Amino acid sequence: MASPTKSVWLFSRIARGQIRGDTTGRLKLLFDPTTKELLGVHIIGEGASELLHIGQAVFALKGTVEYFVDTVFKLSDARGCYKAAAFNGLNKLTRA
């Protein structure tokens, strides 16, 4: 297996994080660059426990990072970090 691709999105980049004044929160996705299977989710910051179940469900079902791109998440909401991080990670693959 190739080295996992990681993608981080900061809470401060979304409206909810800016409203909260969250300058340290972040969401990180780890996925296989070949199969795009989700390998892990790390979340640090206010409201992390309210976001973790989304990644946990995709991970348990052996889903791919593309799930986050294809699913409707409001980008202004904290859950939008999943979509933004997924786009960021997939963009890394196309630039490599």
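What follows is a set of questions and answers on a predicted model.

Me: How many aromatic pairs does the structure hold?
Reply: A pair of rings is described by the distance of the centres and the angle of the planes. Counted this way, the structure's aromatic pairs number 2.

Me: Is the pair of Tyr67 and Phe68 stacked or edge-to-face?
Reply: The ring centres of Tyr67 and Phe68 lie 5.7 Å apart. Their planes stand at 80 degrees. Planes over 60 degrees apart count as edge-to-face. The pair is therefore edge-to-face.

Me: Is the pair of Phe68 and Tyr82 stacked or edge-to-face?
Reply: The centres of these two rings, Phe68 and Tyr82, are 4.8 Å apart. The planes meet at 20 degrees, so the pair is stacked.

Me: How many residues apart in sequence are the parts that Phe68 and Tyr82 tie together?
Reply: Phe68 sits in helix α3 (residues 66-70). Tyr82 belongs to helix α4 (residues 80-95). The pair therefore ties together parts separated in sequence by 14 residues.

Me: Is Tyr67 buried or partly exposed?
Reply: Buried means under 20% relative accessible area. Tyr67 has 40% relative accessibility, so it counts as partly exposed.

Me: Which residue lies over the face of Trp9?
Reply: Trp9 is in strand β1 (residues 5-10), where it points to one face with Thr5 and Ser7 and is buried. At 4.6 Å from its ring centre lies Arg13.

Me: Which residue in β2 stands opposite Leu10?
Reply: Strands β1 and β2 (residues 26-31) run antiparallel, joined by 6 bridges. Opposite Leu10 stands Arg26.

Technical notes. Residues numbered from 1 in each chain as written. Predicted model: local features only at pLDDT ≥ 70, side-chain atom pairs only at ≥ 80, totals over all residues. Heavy atoms only, no water. Phe/Tyr/Trp six-rings, centres within 6.5 Å; stacked < 30°, edge-to-face > 60°. Buried < 20%, exposed > 50% of the residue type's maximum accessible area, 1.4 Å probe, protein only. Helix = DSSP H or I, 4+ residues; strand = E, 2+ residues; numbered from the N terminus. Lys NZ or Arg CZ within 6 Å of the ring centre and 35° of its normal. Pairing = 2+ DSSP bridges.
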